[in-house]
Amino acid sequence: MVASESPASSTASADSQFSRPASVMGLLVLRSMNIAHARLHRWGLEAAEIRPRDKVLDVGCGGGKAIARILTRTRREVAGVDHSPEAVETTRRVNRAAVTSGRLRVLEGSVENLTFRDGFFDVVTAFETTYFWPDLQAGLIEIRRVLSRGGRLVIANEYADRLAAGPWAERLDMNIPDSETLTGLAHRAGFLTVDVSLHPRHGWLRLLAAR
């Protein structure tokens, strides 16, 4: 006999899909992210200014649509990393042609331990993912390591601080640093220049940092 889930445990299970999508529910969340984050992707990629010869890494690749947009901007290698096996498989499926041709690698892993050599990428992007990094400072340090000299990191988040997230911050156990805190973390991680801006209409946060 299988015990039925209580409403509280069911809610907790659903909430966890935002930080680590899994199973059928996770696939639905990933699909909705691909749709809901389209404008955020475009806004972040404007700042990234990806050139045709740039190698790009997307950290927390989720449903794979950010990578699909990145692939249209560069002719070089693109990679994606996510700690969710469902996200990895979804990203591969959404970008099947690029995976088959060898232009795209999608790996399961953590931002604090990226399996790429020093200075390999020209651009690193991170959309709606820093909220769930175990150690934000460690993640920024590791991203700087895999960036080339002069390489660029772009972080784009819908929530610019904990207040903007409202009850979601507590419900999903989100770490949401404000612009001043995030700027300080990026500088301490070794980035030479850091610029944080807010979307004039939506209040989204975008960080552009250069190694």
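User: Which residues of α7 are buried?
Analyst: In this predicted model, the buried residues of α7 are L136, Q137, G139, L140, E142, I143 and V146.

User: What covers them?
Analyst: The cover over the buried residues of α7 includes β1, β4 (121–127), β5 (147–157) and α10 (179–188).

User: E142 is on that list. Why does E142 count as buried?
Analyst: Its relative accessibility is 11%, and buried means under 20% relative accessible area, so E142 falls in that class. The residue belongs to helix α7, which spans residues 136–146.

User: What is E142 in contact with, leaving aside neighbours within four places in sequence?
Analyst: With those neighbours set aside, E142 is in contact with V111, E112, N113 and L114. A polar atom of the E142 side chain lies 2.9 Å from the backbone nitrogen of L114.

User: And which residue caps the N-terminal end of α7?
Analyst: D135 does, with a side-chain oxygen 3.2 Å from the backbone nitrogen of Q137.

User: Turning to the strands: in what sense do β4 and β5 pair, parallel or antiparallel?
Analyst: β4 and β5 pair in the parallel sense, over six bridges. The chain passes from β4 through α7 to β5, and this β-α-β crossover is right-handed. One of the bridges joins T125 to V154 in β5.

User: Which sense applies to β5 and β7, parallel or antiparallel?
Analyst: β5 pairs with β7 (residues 205–210) in the antiparallel sense, over six bridges. There, N157 has L205 of β7 as its bridge partner.

User: How many residues of β5 are buried?
Analyst: Nine of the eleven residues in β5 are buried, and the strand is thus mostly covered.

User: Now the charges. How many salt bridges does the count come to?
Analyst: The count comes to seven. Among them is the pair D54 and R152, whose closest N and O atoms are 2.9 Å apart. D54 sits in the loop between α3 (38–48) and β1, and R152 in strand β5, so this pair ties together parts that are 98 residues apart in sequence.

User: Are D54 and R152 buried or exposed?
Analyst: Both D54 and R152 are buried.

User: What about E77?
Analyst: E77 forms a salt bridge with R105, and the closest N and O atoms are 2.7 Å apart. E77 lies in the loop between α4 and β2, and R105 in strand β3 (residues 104–108), so the pair links parts that are 28 residues apart in sequence. E77 is partly exposed at a relative accessible area of 21%, and R105 is partly exposed at 34%.

User: Which residue does E170 meet in a salt bridge?
Analyst: The side chain of E170 meets that of R162, at 3.6 Å from N to O. E170 is exposed, with a relative accessible area of 61%, whereas R162 is partly exposed, with 39%.

User: Which residues do salt bridges with shared partners join into one network?
Analyst: That network consists of R51, D54 and R152.

Note on methods:
Residues numbered from 1 in each chain as written. Predicted model: local features only at pLDDT ≥ 70, side-chain atom pairs only at ≥ 80, totals over all residues. Heavy atoms only, no water. Helix = DSSP H or I, 4+ residues; strand = E, 2+ residues; numbered from the N terminus. Buried < 20%, exposed > 50% of the residue type's maximum accessible area, 1.4 Å probe, protein only. Polar contact = N/O pair within 3.5 Å; in protein donor to acceptor, adjacent residues only side chain to side chain. Contact = heavy atoms within 4.5 Å. Pairing = 2+ DSSP bridges. Right-handed = clockwise from strand over helix to strand, strands pointing away. Salt bridge = Lys/Arg side-chain N within 4 Å of Asp/Glu carboxyl O.
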